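Look at the structure below and keep it in view while reading. The paragraphs that follow go through it one feature at a time.

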Amino acid sequence: MSFGDPNDSIFPFTYPAYVQALKIVGKKVGVEVVPYQARHSGPSIDAARHLRTRAEIRARGRWASDKSVA
């Protein structure tokens, strides 16, 4: 099984392209969606379901302090 080059980007798009796509999708479904929500929803679900430790959640959200995770 091949996993590709570990130096490749995970996502094949830029942040501005991501923001634009969110705006388009949000408009189509009638809700305002912002990138901030995506950054926090995954780690929040991990915490609620006890899927990761606090340190792992902190790393996933790329927060500098434990206080941000709390």
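The text turns to a pocket and then to a group of aromatic rings. The model is a predicted one.

Begin with the largest pocket, which holds about 490 Å³ of space. Its lining consists of 13 residues, and those closest to the centre are Phe11, Tyr18, Ala38, Arg39 and Arg62. Which helices supply the lining of this pocket? At least two residues come from each of α1 (15-29), α2 (35-48) and α3 (54-61). The most is given by α2, with four residues. Sorted by class, the lining has eight nonpolar residues, three charged ones and two polar ones.

A pair of aromatic rings is described by two values, the distance of the centres and the angle of the planes. The model has two aromatic pairs. In the pair of Phe13 and Tyr18, the centres are 6.1 Å apart and the planes are 20 degrees apart. This pair counts as stacked because its angle is under 30 degrees.

The other pair is Tyr15 with Tyr18, with 6.4 Å between the ring centres and 45 degrees between the planes, so this pair is tilted. Tyr15 and Tyr18 are three residues apart in helix α1, which means that about one helical turn separates them. Through these ring pairs, Phe13, Tyr15 and Tyr18 are linked into a cluster.

How exposed are the members of the cluster? Tyr15 has a relative accessibility of 55%, so Tyr15 counts as exposed. Phe13 is partly exposed at 42% relative accessible area, and Tyr18 is partly exposed at 25%.

Technical notes. Residues are numbered from 1 along each chain as its sequence is written. This is a predicted model: local features need pLDDT of at least 70, side-chain atom pairs count only at pLDDT 80 or more; totals for chains, interfaces and linings use all residues. Side-chain values use heavy atoms; hydrogens and water are left out. On a 1 Å grid over the protein atoms alone, a cavity is a set of points where a 1.4 Å probe fits but cannot get out, and a pocket is an open set with protein on both sides within 12 Å along at least five of seven lines; lining residues have an atom within 4 Å of a point. Grid points are joined across faces, edges and corners, and a volume is the space filled by probe spheres set on the points. Ala, Val, Leu, Ile, Met, Phe, Trp, Tyr, Cys and Pro count as nonpolar, Asp, Glu, Lys and Arg as charged, and the others, Gly among them, as polar. Rings of Phe, Tyr and Trp (its six-membered ring) pair if their centres lie within 6.5 Å; planes under 30 degrees apart count as stacked, over 60 as edge-to-face and the rest as tilted. Buried means under 20% relative accessible area, exposed over 50%, partly exposed in between (1.4 Å probe, protein chains only).
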